[in-house]
Structure formats: C-alpha cells, structure tokens
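We will go from stop to stop, picking side chains and seeing what surrounds them.

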Amino acid sequence: MFLTQTDLINAKLMAEGAQNESDILKYILYDDIDSEQKRRMQAGERYYNGEHDVLQKDFTSSKMLETLEETQQQKITTFRNVNRSNHKNINAFLKILVDQKTAYLVSKEPTIRVTGAEKNTEKKAYEAMLSDFADDTFNEILQDLVTGASCKGFEALHVYYDEKGQLQYCIVPANEIIAIYDTNNQKELLEVIRYYDIVVVQNGQRYIRKKVEWWTKQNVTYYIEKEGQIFTKDTTIPVNPAPHYWSVTTENEFHKKKQGHSWGRVPFLLLKNNRNATTDLEHIKGLIDAYDLISSEGTNNFLDLIELYWVIYGFGGDEASTIMKKLQINKAVNMMGSGADGRVEAKQVELPVAGRLEFLKMLRKDIFHFGMGVDTDSDKFGNAPSGVSLKFQYTLLDQKAGNMIAKLKKVIKGLLWYVTEDYNSKYGTNYNADDIQVDINKNIVTNDVETVNMIQASKGIVSDKTLVSMHPFVSDINAELQELEAQEQKELEKFGDTYATK
C-alpha cells in the first residue's frame, strides 16, 4: 500500500484516538492487510502460480430454480450429479505474458556506462567496477523484480550489510511493504513499514505473530506483536531504534569500536509496474476465467461422452444417473421387469465443438491483445518475417514494457548509488553515481541477417556500445565490451611495433 505523510497523520488520528505506537501500528497494518491492493497482489501471485479460480468450481453441481407446489414460491437449490466429471483446465496465460515481458526487458543485462569514461582513466575504472558488480546474480534479481512487479503491481528491493560487513541486496515481497511518500508530489520515499509473520511457541502451543520494521531516512525501529494484538518494541534488539548499519573498527588490536551509520535515505527501492501500480492480471482476469471455464466444461463433456444418449420409457428400479453409468460402462442395460411399454431408444450425441473452439480462439486473441503480449502461436510468425513485420508484432508488448523502463532504470541507478557509496567508503575513491547511465537492452525476436547488416552499415554513425547491445549473439553486453577492450589491447601489444614503423 502507498501512503503519504498526510495519510499517516490521518491514520494516527483515526486509530480510535490512540495515543500510543501499538494502536497506530495495529490500525495501519490491518488496514493494509484488508486493502484492495493487497487482495489484487494475492490474485496476481495465485494466477502466476497456476492457482486459478476455476479450481474452486464444482462441475458436478449446478444451481436450479424450483417452484414449491404448496406455496408456489421459488427457491434456488443445488443439484449434484456424482457421475459427472469434474476436471479443471488451467490455462496459464498470465505466466506466459509476465515471463514474456521479463525476458523482453532483462533477459539481456542492462548496459551500465559512466559519462566521460572514454577520456578519463578514473571514470574508466569506475565503469569497470560497476560492470563487475552487474553479474549473473544482479541480472537474476532484476528478473525476479520485474516478475514480482508485474504480478503484484510493485516489488521492493532492500539494501543491507551482512554479518561480514559486505553490501548485499535482496527482494522483499511487496505483500510485506507499506510505502510512505511525501504529500506534495508523492515521489520521494520517506518511510517504509515492513511486516511479516513469525511462529511463536508458548506452553507447547504455536501462535502466529507479526514482526514490524519501521524504516526512516535515519534509522529503523523494530516491533513485535504480543498477545492481544499489542505491539511493543523488540527487546531482542540491543539498540532500538537502530541505525541503518554498523561499522566495526579495531583499536589497539583488541578493542573493537562499533559505530552506527545512516544512508540518509530509506534503503528500499520500489519498482512500480506502471504509473498506477496495477497488476498485469487486472485487465484480463475475466477473460482467463472464461477461457478456463469453457475449456474445462468442454473437457468434462468429452470425458462423459458415450457417443449415444438414451431415451428410457417405462423403466423402473434404478435412477436415470445409475442407468447412464451402466450404459457408459457396459454399453447395455437389463430390461427385465420394466413392463410391456419399457424400451430404450438410442440417439446420436453431437457436441458443439466448432462453436466452442471459435469462442476459445476469440478469447485467446483478446487475452493477448488486452494483456499486451505477443501470441507466438499466431500464423503471422514463421517463414522468416522481416524486421518491420516483427516490430509490428511486438508493438503492444513494447508499449507495456515502456511503462516500466524508466522506473526500472531509476531502480538500477538507485542500487548503484549504494554500491558507489560503499566502494568510496572502503577504498577512499570519489566516484559520483550521478555519472551513471543505464540502458535497457530489450530482447526481441529479429531477423538476424537484417540486424547484422544494419549493425555493419551503422559503423561510425552509432557508438560501438550501442551496436554491441543490438547484436543478436550478445547477451551480456558489459562482459562483451570488456572482452573487446582486452582483444584490442592484445592486438596492440602484438602488432604495436609494426604500427610504429609505418
């Protein structure tokens, strides 16, 4: 949930006149837990993991409107056919669309550049340090970050120091985050409240309790939930509120001095999926549910198909559902004792397959259209389409990804600010994170021959870094640039004397 300073003040006032931190925390946390945004987050996660609403559907039961003979009143009753198949088809469209966007944005590592590095050796070293930092772990985190933001509306990245004093970063699920922004522009992150469940054992009983971390630009306060939903400061934390991180120095080889530090900003980076922080599920959930229901219903009809259906006249004893099951299994039924008028008449079963398939085809088209993705099963792919044709197919995906690119670049630059500050503190350098430039290298299916020809034709017009990032054979742009520099250096060393004599 996103709050402003004004929202926070109002929450404090509305917490039933609360004058203590416990009541304020209780009000804010449980209001967030019950919020519409958190419910949509849960739905996005469920559908990405294949936990669709159709799983709760019972195809053996149906609602019927009956009129009572005595009172002529109508009521809704449930009819249950235990012999009816109850198969559920899960069509994981959201996973396809989200993974497609993630691969499009960050399957290739972003290019990290430092302005002026070409002419300045210090900046060149700074650029090399940042390139080394942007390793496989970095790109894996970016992929998880984009996936999480797409499913939940936003995702959070937390920066911290581990026990060895090494700078680390990890994803904190957005489900655990309440972000507080400035009231005027709602752009500056002022505070973050993080809460999560823990298991507490008391007198042999297990209880679920909440832990809370309230982060500001200067420090963090730790709380723990006690019995009766009462929140108190966590006494297991020696210093509470605590600084963002500690530095430990050794004096006289024995005495260790511990000093607290603050980043001067909240050590969380939030990636929004779009301007309104909505999920990728919201515009297509109804379409996916319809596809699941129709697909499942069709499957159950086929599973129960017996090729012929039977009209039974003057037959007593078994119920119709039992007779149907006997016919399905044995292809015959005993007519003894049914009377002179008893007979069974067979008729051909015809399922509306063509109409169902056409409707599913329409739903699929709408899902990819409103989900702004690329349907790779489309007849428009294949036969080596031209670059222009491929770009046209990627138009909607490119628009959707474009809503996130600027926000993703801001998060990456924010993370690299922490990396820079850490490096300056440890090695006495004076690198400036404002010099960092980040380029997102979108991964699009291309006609490789056309692309390579365009790259060759663009030599001298576009920078080598841009051309390398566009080459279809390159996935790690930063590593490839370092390889090219090393290759050039070897060639200079090998042929340096030859060049010098000419």
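In which helix is E140 found? Select E140 and you will land in helix α6, which spans residues 136–152. Helices here are DSSP runs of H or I with at least four residues, strands are runs of E with at least two, and both are numbered from the N terminus.

Before moving on, a word on the model: it is predicted, so local features need pLDDT of at least 70, side-chain atom pairs count only at pLDDT 80 or more, and totals for chains, interfaces and linings use all residues. Residues are numbered from 1 along each chain as its sequence is written, and side-chain values use heavy atoms, leaving out hydrogens and water.

**Stop 1: a negative patch**

E140 is partly exposed, at 49% relative accessible area. The terms are buried for under 20%, exposed for over 50% and partly exposed in between, with a 1.4 Å probe and protein chains only. Patch members have over 30% relative accessible area and no salt bridge; like charges are joined within 9 Å, and nonpolar side chains (Val, Leu, Ile, Met, Phe, Trp, Tyr) within 5 Å.

**Stop 2: a nonpolar patch**

Now select V199, V201 and I208, which make a nonpolar surface patch of about 270 Å². V201 belongs to strand β8, residues 189–202. This valine is exposed, with a relative accessible area of 53%.

**Stop 3: salt bridges**

How many salt bridges are there? The count comes to 24, where a salt bridge is a side-chain nitrogen of Lys or Arg within 4 Å of a carboxyl oxygen of Asp or Glu.

Start with R84 and E297, whose side chains meet in a salt bridge at 2.2 Å, N to O. R84 sits in the loop between β3 (74–80) and α4 (93–106), while E297 is in helix α7 (residues 285–303), so the pair ties together parts that are 213 residues apart in sequence. R84 counts as buried at 18% relative accessibility, whereas E297 is partly exposed at 28%.

Next, pick D439 and R113, a salt bridge with its closest N and O atoms 2.8 Å apart. Because D439 lies in strand β18 (residues 436–439) and R113 in strand β4 (residues 111–114), this pair ties together parts that are 326 residues apart in sequence. D439 is partly exposed at 27% relative accessibility, and R113 is partly exposed at 26%.

Is E127 buried or exposed? E127 counts as buried, at 6% relative accessibility, while K124 is partly exposed at 28%.

Then select E36, R39, R40 and E282 together to see a network of salt bridges linking them.

**Stop 4: S295**

Finish by returning to helix α7, where S295 is found. S295 is buried, with a relative accessible area of 14%. Which residues does S295 touch, not counting those up to four places away in sequence? Display N89, N91 and L360: these are its contacts, meaning heavy atoms within 4.5 Å.

Key. Accessible areas come from the Shrake-Rupley method with a 1.4 Å probe; for residues, only the protein chains shown count as cover.
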